[in-house]
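Subject: Structure handover

Hello,

Here is the structure I promised to pass on. Please open it first, then read the notes below.

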Amino acid sequence: PRTGSRISPPCTCPANTRINAELSSAQSSIKTAGKPVILATHVPFESKVSSLEDWSKRNHNNQVYYWSFNSYKWKLGNNSAMNSFLNENVYSNNTNVKAVFAGHVHMASWDGQLTANVRQHIFTGAYRGTVGVINVH
């Protein structure tokens with residue numbers, strides 16, 4: 001909605017404070033899916049087997065630009081709901097999640113393992129003239 005001469009988003013609270021209800025719904029869907037799950041998210045997740053930190057800093061103004069304990073804006077230590085969600089549904093050895101697709105960094109893509117069993121692909125920004133294609137087998 002418009003407010004005076006500026007556009008205001010429907011919710012002006014930071015994204016990391018309004019995720020509890022969304023995570024609860026997603027968590028239920030992941031656990032009861034009974035089949036492999038591909039999780040789509042805007043902000044990428046920290047890898048437990050590869051370091052994203054140097055890559056992120058190199059590609060986004062020297063920032064850790066994903067959910068991490070080292071991030072300024074997406075700090076897992078400040079968000080118990082997201083931390084629990086990741087531990088129980090993405091990083092868990094018995095998760096139904098097989099892949100995570102993310103964006104957010106805009107300047108470069110990354111493809112690698114979040115855990116031994118879960119891959120993450122971070123798409124580069126489409127505004128740069130690229131299109132990401134993922135083949136699922």
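Start with R119. Its relative accessibility is 36%, so R119 counts as partly exposed. The cut-offs are these: buried is under 20% relative accessible area, exposed is over 50%, and partly exposed lies in between, using a 1.4 Å probe and protein chains only.

Two notes on the basis. This is a predicted model, in which local features need pLDDT of at least 70 and side-chain atom pairs count only at pLDDT 80 or more, while totals for chains, interfaces and linings use all residues. Residues are numbered from 1 along each chain as its sequence is written, and side-chain values use heavy atoms, with hydrogens and water left out.

**Salt bridges**

R119 forms a salt bridge with D111 (a side-chain nitrogen of Lys or Arg within 4 Å of a carboxyl oxygen of Asp or Glu). Their closest N and O atoms are 2.3 Å apart. D111 is partly exposed, because its relative accessibility is 41%.

The count by this rule is two salt bridges. E53 forms one with K57, with the closest N and O atoms 3.1 Å apart. Both residues lie in helix α2 (residues 53-59), four residues apart, about one turn of the helix. Helices here are DSSP runs of H or I with at least four residues, strands are runs of E with at least two, and numbering starts at the N terminus. K57 has a relative accessible area of 30%, so K57 is partly exposed.

**The sheet**

Four strands make an open sheet in the order β3-β4-β6-β5, with mixed pairing. Its edge strands are β3 and β5 (110-113), each pairing on one side only. Two strands pair if DSSP finds at least two bridges between them. Strands β5 and β6 (residues 119-124) run antiparallel and are joined by four bridges. G112 has Q120 in β6 as its bridge partner.

**Strand β3**

V37 sits in strand β3 (residues 37-40). V37 counts as buried because its relative accessibility is 15%. Leaving out residues up to four places away in sequence, V37 touches I30, N96, V97, K98 and A99. Contact means heavy atoms within 4.5 Å. The C-alpha atoms of V37 and T95 are separated by 8.8 Å, and these residues are 58 apart along the chain.

I38 also lies in strand β3. At 42% relative accessibility, I38 counts as partly exposed.

Best wishes
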